[in-house]
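This report walks through side-chain contacts, strands and surface features. Keep the 3D view open while reading.

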Amino acid sequence: MKNSKPTPTPGRPFHALFSLILLFSIPLYSHAQSDTSKILVAGTVLNESGVRLAGVSITEKGGSARTVTDIQGVFQLRVPPRATLVLSSVGHTTREFPVAGNKIVIIDMASVSDKLNEVVVVGFGKQKKISVTGAVTSISTREIAKVSTPSISNAIAGKLPGIITRQSSGEPGYDAAQVVIRGLATFGNNAPLVLVDGVERNMNQLNAQEIENFTILKDASATAVYGVRGANGVILINTRRGATGKPQVTFRTETASLQALRLPKYINAGEYANLMNEARVNVGQAPRWSEEELEKFRSGSDPYLYPNSDWTSAVLKTNTWQTINNLSVTGGTDVIKYYTNVGFTLQDGLYKQDPSYEYSTNAKIKRYNFRSNVDIQLSKNLLMQLGLGGIIQNGNYPGFSAPDIFNAMKIISPIAYPIRNPDGTPGGSSTYVGWNPWARATQSGYTTQDNSTLQGTFGARWDLSSLVTEGLSLRGLFSYDRNASVSNVRHKAFLVKRYEGKDADGNDIYSNPYREEQPLAYSASSSSDRAIYMEAQLNYERVYGDHALTGMLLYNQRDYVALTAGQSLTNLPYRRQGLAGRVTYAYDNRYLAELNMGYNGSENFPKGKRFGFFPAVSAGWVLSNEKFWNVGFISNVKLRGSYGLVGNDQISGARFLFLSTTRLNGQQYRFGLEQQTYYGMEEEQIGNPDVTWEKARKMNLGLDLGFFNDRITLQVDAFKENRRNILLQQKTVPSVTGFYPWSIPYGNFGIVENKGIDALLEIKNTTESGFFYTFRSNFTFARNKVIEDATPNPPYSYLQTRGLRLGQTVSLVSDGLFKDQSDIDHSPRQTFAIPRPGDIKYRDINSDGVIDSYDRLPIGNPRLPEMTFGFGGTLAYGGFDLSVYFTGAAGTSIHIAGASMYAFADGLGVNNVMREYYDNRWTPNNPNARYPAIDVGNNPNNYTTSDFWMRNGNYLRLRNAEIGYNLPQRLNDRVGIRGFRIFINAVNLYTWDHIGFMDPESNDGTGGYPLQRSLNAGVQVDFK
């Protein structure tokens, strides 16, 4: 038995300061007690996942004091300081716990629970943990809640072995991370199947406080029951449910200050004008700007004709805020149990607003969550369950999207025009009309997005033990989900004109408008869909002496319709149906075997080829349960292995690829004296009658270890996958055949191999003095290789794309920068442009004396990391706790090319220039520069894909840290509450990486809407 860290308790952020002062003004120890020989011990009992255990019987050994934990796992008992508590609960061995003078104890039942009865969530049910032979990993909801974020996908980053994530944007409503399980294994959709309460749903719509458990299924044994949806892994999320006891009310509120990380840094006007002069000198031309004009740019003495527009400061704030709030009520009787939660989340954006503008143009989301789960015991053997969920999200955004605004900041230079003209209108010019970044963000109207989701789930379980045979039960599930989204765009075209100075009378002179101001326009779009899901499940679980046998047979079907689809074809229902089965056998909890299967299919494939069979087998050996095992400090050793076949039917956005279609308004032709245009008919899609789903053959070998009564646990899995039948368009069809490129049929040609290892290490312990500590570390490595990609064989073997990794770049390989003309003369001839000193020099891969497209090699790593990891821990004592967690990634590269790094790529004086380039460019005085010399325009030699612009994307991030304090129980009693917790946490505190000027998780390019550092304070109150 161990102590665990105190579980968070709720509260209000706007009372945080008052509460903090109150806490430190209250003595943390008692000066007197009514009974000097006894102390009041208050505590909480938790299971392995951090969920509070209700109904645990607690008695004083050798004494008369006794109590039972309430619905929240909380208890109070007055005993002598050196008393021993005896705890017992169904599914846990009776154990003893020394009080050791502690008045507040947090007891983790997991380390001493009866391992034979511990259960974990698996596909379509639960299974005893000791009998699990597949690769299954869970995370405590307490760990998820430590990351204050509206999107759950960001909270799991680096927390689970097998999960690989990358968050590329921090924009409200669009900040969800890319999530894959065990890396990439296909050219197409790699996203895992996400099931919330057994139904396919969006996990990023949930609040962390709604979640009961979070589990990932990684190997074929765990996912075969999902058949054609199991190849990419499965995420299972169950929401909280009620428990017997009086109503328990919990309120948690937290508010965060968000600080933008690594905002784009561009050079100022003086530096920019000087760089223009430098570019002209480099090509033998006279400088564009005189010294007097340069000084005007530097000094700001003439801000309208010689502007210094800092677009980053004009468009973006450095700080914003968010708040997350939840109120839940749970309780029930032996007949009815209930859980209800309402949540409100608000996240504000980073865009500045024009105070004189009458509309709100900043990005912002408001989300309202409602969930109610009710369990009704209709009879001794019949249980009915009803779950209702509602999510409403309102979003507000500028008239232009984030990519449009950030692209404008990269394109428009600081000297192009002032942010605003003297008359207050937006600055502008005849080129890139309407691209003023400030005006795009603040003067272009606004967009509202309203999304609503209704989730209804009805289930029932009938125990047939007394009616048919012991251990037999029947379960049914029906769900109806409806989503609706409405986007209202009120776009405004602002006036674009150029300020040209003053006339002889001192009046401002402007050009003729390049674009007139338009009234606020309006357009709307909407989409809605509904999904109906049904399943019927027969379960059997029986123990015959040393033999344990379970079985499951399930039928399910899903019907999804895009109600507002724009085409008849996409409005047709998307349907799946199938069977799933599982048989498990355990002998004496030593020898384990399991058989899983899925038989299902989709309407998207030809008749006779719509269904597939996906079997998997696994076995395990609990070595530590053998009679000969006598290694005392090793409390658990289990070997696991699995092999199976799973599928992926998410192969293309197109439907019915087995059908051929014809386009009536195809290519245009002109006939007659008037050359009138006529449209011809053409093949649009050539059907493939053999198209089918992807098939993944997966193998997994696992080892579970426990040391010192499982105070230390280690889980290690090695995996290998061979993914076949990947849908690709055949690239070997020559153009002389006459096929249009878009009509070349798709086929299941692709083959990818993926293999790696993941591991989880956990340490938990509580000393006799009540000091609790934990350490958790996980690691995932997954590397893939393309076996077949349907491409023609290249003229040189090193240009072969087979054998590469998915997402790996093939490009030129740089050999530094040309030092001088002699260096150019003695190097292979570069064909992209006539090089000059300071230009990029490339390696001649085929040694033909010419640098061309045949001199490319595979370089770097894919954008999605091959390796992710996380580590951290918790210390707790006397009501205080401190948690710290680090995450990181390796085996990833990022291309920092594009606008603002390719200086003047669109012409002299057109593009903005990043300070990173400016401070590290080649000049005669800086021959060992990081970047090439400046040019007057696009330089095809320098501005082409090469490893010169590739950077190491590895990073280590201090992901989150939290300090919390739980009020002593005697003080809670004084104010009539069960618990009070105040906490301060932070997310994205610091990052160590190789880039520095943009976030290492960004997309290729030069950055976009930045991630933010969160400094968050909150309270949690548990009411009696």
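Both glutamate 278 and arginine 921 are buried. Buried here means under 20% relative accessible area, exposed means over 50%, and partly exposed lies in between (1.4 Å probe, protein chains only). The model is predicted: local features need pLDDT of at least 70, side-chain atom pairs count only at pLDDT 80 or more, and totals for chains, interfaces and linings use all residues. Residues are numbered from 1 along each chain as its sequence is written, and side-chain values use heavy atoms, with hydrogens and water left out.

## Salt bridges

Glutamate 278 and arginine 921 join their side chains in a salt bridge, 2.6 Å from N to O. Glutamate 278 lies in helix 5 (residues 269–282) and arginine 921 in the loop between helix 12 and strand 50, so the pair ties together parts 643 residues apart in sequence. Helices (H or I, at least four residues) and strands (E, at least two) are DSSP runs, numbered from the N terminus. A salt bridge is a side-chain nitrogen of Lys or Arg within 4 Å of a carboxyl oxygen of Asp or Glu. The whole structure holds 53 salt bridges.

Three of these pairs are set out below.

| Pair | N to O distance |
|---|---|
| Glutamate 278 and arginine 921 | 2.6 Å |
| Glutamate 535 and arginine 475 | 2.5 Å |
| Arginine 978 and aspartate 1022 | 3.9 Å |

Glutamate 535 and arginine 475 form a salt bridge with their closest N and O atoms 2.5 Å apart. Glutamate 535 belongs to strand 27 (residues 523–544) and arginine 475 to strand 24 (residues 472–491), so this pair ties together parts 60 residues apart in sequence. Glutamate 535 is buried, at 7% relative accessible area. Arginine 475 is partly exposed, at 26%.

Arginine 978 and aspartate 1022 meet in a salt bridge at 3.9 Å, N to O. Arginine 978 is in strand 52 (residues 977–993) and aspartate 1022 in strand 53 (residues 1012–1023), and the pair links distant parts of the chain, 44 residues apart. Both arginine 978 and aspartate 1022 are buried.

Salt bridges also build a network. Its members are Glu200, Arg229, Arg558, Arg576 and Asp649.

## Aromatic rings

A pair of aromatic rings is described by the distance of the centres and the angle of the planes. Rings of Phe, Tyr and Trp (its six-membered ring) pair if their centres lie within 6.5 Å; planes under 30 degrees apart count as stacked, over 60 as edge-to-face and the rest as tilted. This rule gives 38 aromatic pairs.

Tyrosine 560 and tyrosine 574 make an edge-to-face pair, with 5.7 Å centre to centre and 65° between the planes. Tyrosine 560 lies in strand 28 (residues 547–562) and tyrosine 574 in strand 29 (residues 574–587), so the pair ties together parts 14 residues apart in sequence. Tyrosine 560 is partly exposed at 23% relative accessibility. Tyrosine 574 is partly exposed too, with 30%.

Tyrosine 902 and tyrosine 943 are stacked, at 4.5 Å centre to centre and 15° between the planes. Tyrosine 902 lies in the loop between strand 49 (893–895) and helix 12 (915–919), and tyrosine 943 in the loop between helix 12 and strand 50 (950–952), so the pair ties together parts 41 residues apart in sequence. Both tyrosine 902 and tyrosine 943 are buried.

A charge sits over a ring if NZ of Lys or CZ of Arg is within 6 Å of the ring centre and within 35 degrees of the ring normal. Arginine 655 lies over the face of tyrosine 574, 3.6 Å from the ring centre. The charged end of arginine 288 sits over the ring of tryptophan 289, 3.8 Å from its centre.

Five strands form an open sheet with mixed pairing, in the order 11-16-17-14-15. Strands pair if DSSP finds at least two bridges between them. Which are the edge strands? They are strand 11 (136–139) and strand 15 (199–200), and each pairs on one side only. Strand 14 (residues 193–196) and strand 15 run antiparallel over two bridges. Leucine 195 has glutamate 200 of strand 15 as its bridge partner.

Aspartate 197 lies in the loop between strand 14 and strand 15. Aspartate 197 has a positive phi of about 55°, although it is not a glycine. At 17% relative accessibility, aspartate 197 counts as buried.
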